Amino acid sequence: MKNVLIIMADQLRRDVLGCYGGKEVETPYIDSLAEEGILLENCYTPSAVCTPSRGCFMTGRYPHNNGAISNGCPVGAMEHGFAEAFRDAGYVTGYAGKWHLGDHRELGDSLEDCSRLGFDRWDHRVEFGHCKSVKEKDGKLILSHEVGNEQSYTTDWLADETLRFIKEQKDGRPFLFMVSMPDPHQPFRVRKPYDTMFDPLQMEIPETFYEEELPDWAEQDEWGRHHYFPTGLFEREDHFRRLKAQYLGAVKCIDDNVGKILDGLREANLLEETVVIFTTDHGEYLGEHGLMEKNNLYESVYHIPMLIRLPGCGKKGFRSPVWLRMTDFAPTLAGLLGIPYRFPCDGGDLSEELMEGREGLKEVCIFPSDVPRTGIITEDYELAYVGRGYRGGMFHDHILFDRKRDPMQRVNLFGRPEYAGITEVLTEKIREYHRRYRTPDSLLPAEARNLQED
């Protein structure tokens with residue numbers, strides 16, 4: 001049986017990576033996973049928030065069903081996931097890094113009382129949060145927001161922990177190990193020499209950064225434009241360039257550490273015996289529409305990278321068009337490895353579609369987290385409804401974008417008479433998702449509650 005190594009970054013924009021068309025930072029080690037394996041063109045998260053997305057990934061169930069519906073809400077104690085399925089099949093399972101599926105939100109909080117979801121080897125069960133350095137003293141971790149060096153910086157430290165776990169596996173049993181790196185999520189600071197590797201003056205600015213009018217929620221809410229780059233801000237562009245330079249430095253640091261991990265597998269003669277998966281929980285706007293971070297409704301933070309190096313499968317440099325949602329990951333991973341998956345799941349096993357190049361169902365439903373927002377992304381359109389905001393108050397600017405004619409999502413078609421038929425069809429699709437998966441009405445905008453069945 002093949003080993004499995006999952007590397008998850010946090011808040012990584014897919015088109016920053018070279019294999020997804022990125023030009024500003026070289027990512028040769030991450031790109032090598034695409035060159036030697038499979039790149040998923042259409043991988044989506046149903047929620048662009050850390051905890052809800054990770055809950056979907058781990059359990060295959062939507063946030064309201066697994067309990068992890070917002071940051072700080074723990075995944076249910078009775079939930080199951082892919083690590084448990086692999087453990088039951090005889091694998092040694094291990095985890096390191098950011099968890100974010102407990103009710104602990106501060107770095108260093110103990111996770112001893114949280115569900116393990118099948119991960120047995122978990123040497124440091126603390127919430128890493130977004131710490132920038134890690135030190136060990138008397139068997140305990142000391143986490144800090146102070147930026148570390150090449151031994152203590154969190155990304156480097158977690159890469160070393162991954163290699164330590166790999167070296168300790170000597171009993172011949174296959175392993176499944178997941179390492180979750182908190183970068184390139186804010187705070188946007190990275191260690192030397194990555195902090196000066198990218199010149200802020202050379203940073204490209206997205207065309208939509210200069211957009212004059214945004215939907216009310218994109219302008220005014222918690223993660224709105226006013227948070228980082230309100231129009232009229234002094235040195236607005238320079239502020240963005242400085243943040244982006246640090247973000248790209250963090251991506252470069254991640255890539256170098258992916259290279260270190262791959263070299264470690266190679267030196268241990270395990271590279272061809274190990275399935276390596278690289279992904280993230282959600283994207284990052286990185287100046288798009290004048291925004292940073294995530295948790296808004298523009299498509300790019302839902303559309304995420306996923307690369308699978310699958311030795312012996314005969315697929316190298318294969319770009320799979322399958323539409324894979326985070327809820328599909330657990331059963332699909334089990335399907336790829338021939339492992340039984342017997343737990344309740346809102347997703348499905350798409351391993352055959354992935355390998356055969358079939359697109360499958362070309363849509364993803366956006367599920368609510370902290371606030372009542374929902375929508376649907378299809379091959380042609382994105383429709384989304386809003387309601388109460390993170391800071392209270394109501395928002396009213398629902399959206400409809402033509403993804404093919406307007407890929408940068410600048411022209412909101414919602415409410416135009418000529419798109420009434422499309423809006424009606426997509427609205428019913430949204431309602432059907434929430435009927436099928438029993439989303440509580442209290443979590444939904446009014447437009448998505450209509451016609452729900454008991």
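The second largest cavity of this predicted model has a volume of about 90 Å³. Its lining counts 14 residues, with Asn295, Tyr302, Phe367, Ser369 and Arg373 closest to the centre. A cavity is a set of points on a 1 Å grid over the protein atoms alone where a 1.4 Å probe fits but cannot get out, and lining residues have an atom within 4 Å of a point. Grid points are joined across faces, edges and corners, and volume is the space filled by probe spheres set on them.

**Second largest cavity: lining**
- Domain 1 (3-361) and domain 2 (365-448) each give at least three residues to this lining; the bounds come from an automatic or database domain assignment.
- Nine lining residues are nonpolar, four polar and one charged.
- Nonpolar means Ala, Val, Leu, Ile, Met, Phe, Trp, Tyr, Cys and Pro; charged means Asp, Glu, Lys and Arg; the others, including Gly, are polar.

**Largest cavity**
- The largest cavity holds about 110 Å³ of space.
- It has 15 lining residues; Tyr95, Ala96, Asp123, Glu161 and Phe177 lie nearest its centre.
- Eight of the lining residues are nonpolar, two polar and five charged.
- Strand E3 (92-97) and helix H5 (154-168) each supply at least two lining residues.
- H5 gives the largest share, six residues.
- Helices (H or I, at least four residues) and strands (E, at least two) are DSSP runs, numbered from the N terminus.

**Overall and basis**
- Three cavities reach 30 Å³ or more.
- Residues are numbered from 1 along each chain as its sequence is written.
- Totals for linings use all residues of the predicted model.

Methods
Predicted model: local features only at pLDDT ≥ 70, side-chain atom pairs only at ≥ 80, totals over all residues. Heavy atoms only, no water. 1 Å grid on protein atoms, 1.4 Å probe; cavity = no way out; pocket = protein on both sides within 12 Å on 5 of 7 lines; lining within 4 Å.
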